[in-house]
Each structure stands twice: as C-alpha cells, then as structure tokens.
Amino acid sequence: MAAGNEFESDAGFVNFAYVPSRHASTTSIPGEYRKTLDSIDYTASVKTKIDAASTGDHGIDLNTNKLPLPDEYSQPNISPQRDSWGNDAEFLMSCIALSVGLGNVWRFPFTALDNGGGAFVIPYIIVLFLVGKPVYYMEMLLGQFSSKGSVKVYDFAPIMRGVGYGQVLATGIVTTYYATLMALTLRYFVDSFYSILPWSYCRAEWGNSCIDSKPKTDNFYLQNSTAIMDVKSTSAENYFINVILRQKNGIDDGLGSPSWSLALTLAFSWLVIALIMLKGVKSSGKASYFLALFPYCIMAILLVRSLTLPGAFDGVLYFLKPQWDKLLDPKVWYSAVTQVFFSLAICFGNIIMYASYNRFGHNIKRDCNIVTTLDTFTSLLSGIIIFGILGNLAYESNTTDIRSVVEGGPGLAFISYPDAIAKFKFVPQIFSVLFFLMLFVLGIGSNVGMASCVMTVIKDRFTQTKHWVIVVSIALVCYLLGLMYITPGGQYVLNLLDFYGASFVALVLAIFELLAVGWIYGVKRLCKDIYFMLGIKTSWYYRICWGIITPAFMAAILMYTLVEYKPLQYNDYTYPSGVYVFGWCLSAFGIGQLIFWAVYGVHRRTGATLWEKVVNSFKPKSDWGPLEPTTLKAYKIFVDGMKVDDMFKPNGFWYKIYDNIFN
C-alpha cells in the first residue's frame, strides 16, 4: 500500500471510554467500559489486535483466524516527548490570556469607532457566532487530537501545509508590532510616577487648540465658554502624538529615527517575553492565572469611573445604538471578521499550538464556550469604557459628534484611557500605574502565545537546534524589526503591515483552512475524530458552519472587499504608490505559501505517477492521529473498520456532500 492510501475513508472512531457496540443500541459510559469490554465482541476484537501489535504477534479475527499485522501497527510503543500543561485550568487560563488581550482593550474600540460605533457591534456578534466560535472550536480540536503545531497539523492533508506557513508569517508580523504596544504601555507606566501626570496638562507649544485632561474647576465653563468652541484635542491626545510618538504628517521623506526611550521599553518587553518562553509551557501556564484574571479587576474600576463622567451616557449610546444603513457596508463586515480574528487569535495558528499541549480527551468544547463568551464580554466592556470617555470628551468640547472628538486609529486606547485616568481627583498616579501594568500584562499573555507559535514551527523544522537559541533569535529579530514602529512614521508602517501582512492574509488563508478541514479532510471525519476523542456527538450548528456557512461567509466578505477596495489610508494620508506595491507583494508572499508548499507536498508523496502523488497529497499521512502510540494504533484499526460501512453507501455527488455534513 502506498503511503497515504491507508486513510482514504473519512471514518473515525471513539475514545476508549466511549466505545459503541455493533450489537447494542447504547454506548458505554466512562468507568463502565472496562467492566463490559469482554462482552463487546467488536471492541474485544480490536483489543486483541492492539495487544498483538504491542507484542509483535499476528492479530486474530472474530473467527480465531490469524491476521497479518500491518506495518503501521508494529511501531514501538514509545510515546514521543512533548511538553504539556500542568493541569486543565492552566490551558484555559492561557487561552484567556492569549485571546483576551490588547485586541479587546486596544483594537476593538478604535475599530468600532472607525465603523460607526453601534453599526459595528451587530456585525461583530453575528461574525462571532458564524465564524469565531466554530473556527476556535475547530482549531482546538485539531491541535488536541494530533498534538501537532500549526504547520504539522496539516499532515491530515499535506498539500495544504502552506496554510500553516502563511499563518505563521502573519503571526510573525503581528508579533513584531504587538510588542511595540507593550513598549508604549511601559513608557506610560514610567510616566505615571511623576507627581503630576505629564499628559494631564497642555504645553504652550500646543497652542490654544488644547484642553487639559485633568479635572476642571466648577467655574471653568463660565470663564472659558468662548474658548471651548475652538477646542479640538485634549492634552492626552497631544501628549501621545507629539511627545510619545513624535508623529509626522506623512512618510514621504522617510520614517525618522527611533525614540530612545521606547527602544529601551521595547527591549525590556522582549526580555520579559524571552524569559517566559525559555521556561516552556508549564511555567507560562502557571503565570496565566495572573495574566488572565488581574486585568478584570482594573477594568471594573475604570468602568465605574467612565460611566460617572459627564456626557458618558451619550458616548455609550453611540456605541450601542445600531445604524442600520451601515450593515450594508462590506467594509464594516470585513472589519468585524478581522477583529474576530485578532480578538480570538484564530486563523493564526496560536490556538492549534496551545491545544496541542493538552491531554488527549480534555473537554475543550467547554473551554471554547468559556473563552469565546468571555472574549466577547471583554470587548463590549472595553467598548463601553472607551465610548463613555469619548462621550465625556464630546461634552467638554461642546459637540454632539462623538466621532470628531479624538483621532481614530491604533492610538485611541493610548489617548482616551490616559484622559480618563487624568480626571481622577484622588491620587491618579496609583490607578495609572495599575492600569498600564494591566495593559502590559495583557500584552505579555498574547505576545507569548504568538511568539511561541512561531517558535514551535521553527523547532519542529530544525529539531537539532537548542531551545534557547531559537528563543533568543526570535527576540533579537523581532526587536530589530520593532524599532521601525517607534519612529515618527512608525504608526503608518503599523497600519500598512496590519492590513497587507496580517488581516488580509489571515482572511484568505482562513478560507483555505476551512476548505481543507471541511472538504478535504471532511466534516464527517472530523466529527468522528471528536467522538473518538471526547465521546460526544457534534451538533448541526458546528457541522453546517464548518461545511457551508463559515467558508461561504468569509468568501463573500473577501469578494466584496476586493471589489470595494480603496487605497489604504492612515488619518487621511495616502501612501506613495511604491508602498502599495510593497504591501501587495507582502500579501502575495504570505498567500503564495499555498502554492510553494503544495508543490513540495506533492513531490514528497509516494506514487507511481504524478497523478497518484497529487491524489495521495490530499490524504492524511501514515502517522496522522493521536500522539500516544497505543491510542494511534486503536485509531487506525477503527478507521479501517469503518471503511466497511462506507462501501455500502451511494456514490452520487450530491449524496457525498450531504453525507459529509449530516452523517
């Protein structure tokens, strides 16, 4: 038999604790299996085969005839070494720390602001249920079932391995600029120790268009009613743009030199990340308790302060009130999809990597529901806080246009949050220190996950390279690349790479990921794998989403995005034409991994002809399945046994489509 042909069937089998008998109408439950094992003929037969495989003897069928033992069952009963979580709670907390991060507190508010506030919330929630939750669960399943990283997991269809490499490239790009956000939080953290918060008051060089972020006196509005009409920005916004970023009006004349203070905080950020990665997954799992829970304590305090500011209700109403005409704008839906990607960290390989360290049989369906629900709650909570603050800024600026009171873009969280902190009348420095420590903690949880994903791929590829060498190399390379984001033109670069190198690439590759899992590997096969591993049946909701709704929805978003595409801008600045060429080349390189690794996958497969190689490259590799050898043997035997059932089913095209989703 040629390599790869042994898994032509899309059948699967169930976990040892959930083994159905072909002669019974019920399924055994955990704890009862061993008592009834000998009374179940089919299971006993397979048990005989497993025992035979372990001893190197021939198996025996139900008629006591000796059977030849396939080569794949005769491998040594030695489980490959792989790190694992200390306990199930560490995995859950690590997923929360990864998914609930700056994507919620930093990215979600400015994405909502740029897309009409309430007009964005409805598409975001719809996309969460049609894309976010099904894909998150699917990636958890693939990682835990195979115990493989984000690239090797595509051993279920080697021709699609380019999806994994393209996603790692996108993850690497996000990792480089994500750490610079941590550097910004550290800079604010240090500035919080001043006796007067440096962003709470205006400087003379900022002119009359600046208003102090610190609390106003009771007679402020009576004395300055005329001046308020001209107010356009707060001291917090001026401080971020003019002092922290030293932002330019464009990049036509270059990016400028990096900020030395941000270079130091960026170096410290990568030092922390590298130290956590050097300890491995077990130590990061223990740190996840603090990384996941501490931020909510600070957000609760900030929520109370935000909602007690004058004008906050108008801002929250703007955030929650739908603008129905915006629902027809494909840009809003595209933004919702990319926000779900970043918020949940799906389609970047991170979830697959984390789940691969799980014990086989862990109840990840429960964890999926917890993480996706908590992630949505955190995004909405952050939105309420931010828009409450924006409502207060509009009130102080004497305007009803919430959108006009602050510049959009990635800097929003570093403008509105500091502005709210400055309004604390009782020792704002204490809360400022805690808040920016919270942001830094959020950044650590997410960035460690993304950097670990890149590290896992490199480590799987170069198995002889020492762990610490890979970690240090990633930290140094990402630090050097991160320096360009802390130049006066750095935010323009961040905006560019965010779209062309991460968001767009992730969307395209996500479609191919769903096609690979749903139609090459098969929804039916995946559901049987779930039953083998967890002992639960998959609902129609997941089946229909994996097979039809999710890939079709994302394909439609991609199509309309390309049709309605307009040159990317940052704060109304249009990039030079050469920059757009670079951006599309970057996208092509990421998506082009599909072609390169497809050719490589076909070349590596066995087959007498090129066509046989191509056909075999769509089938799982011989070692695809659970990592533990005994469990893998059982999985292969039961998959082979399920082929008999498929032999008696119709072969029609439409029936195969129906059978793949609903069987």
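R187 and D191 are both buried, where buried means under 20% relative accessible area, exposed means over 50%, and partly exposed lies in between (1.4 Å probe, protein chains only). The two residues sit 4 residues apart in helix α6 (residues 161-191), about one turn of the helix. A helix here is a DSSP run of H or I with at least four residues, numbered from the N terminus. The side chains of R187 and D191 form a salt bridge of 3.1 Å, N to O. A salt bridge is a side-chain nitrogen of Lys or Arg within 4 Å of a carboxyl oxygen of Asp or Glu.

This is a predicted model, in which local features need pLDDT of at least 70 and side-chain atom pairs count only at pLDDT 80 or more, while totals for chains, interfaces and linings use all residues. Residues are numbered from 1 along each chain as its sequence is written, and side-chain values use heavy atoms, with hydrogens and water left out.

## Other salt bridges

The count of salt bridges comes to 7. One of them joins D155 and R161 at 2.2 Å, N to O. D155 counts as buried because its relative accessibility is 3%, and R161 is buried because its relative accessible area is 12%. Salt bridges link K148, D155 and R161 in a network.

Another salt bridge joins D367 and R366 at 3.4 Å, N to O. D367 is buried, with a relative accessible area of 1%, whereas R366, at 41%, is partly exposed.

## The largest nonpolar core

A nonpolar core is a set of buried Ala, Val, Leu, Ile, Met, Phe, Trp, Tyr and Cys residues joined through side-chain atoms within 4.5 Å. The largest one has 189 residues, and F341, F435, W546 and Y575 touch the most other members. Helix α19 (residues 490-534) gives the largest share of this core, 27 residues. In soluble globular proteins, nonpolar side chains tend to be buried together.

## Cavities

A cavity is a set of points on a 1 Å grid over the protein atoms alone where a 1.4 Å probe fits but cannot get out; lining residues have an atom within 4 Å of a point. Grid points are joined across faces, edges and corners, and a volume is the space filled by probe spheres set on the points. There are 4 cavities of 30 Å³ or more.

The largest cavity has a volume of about 120 Å³. Its lining has 14 residues, of which V174, Y178, F342, A345 and M450 lie nearest the centre. The elements giving two or more residues to this lining are α3 (88-99), α4 (102-114), α6, α13 (330-344) and α17 (428-461).

Note on methods:
1 Å grid on protein atoms, 1.4 Å probe; cavity = no way out; pocket = protein on both sides within 12 Å on 5 of 7 lines; lining within 4 Å.
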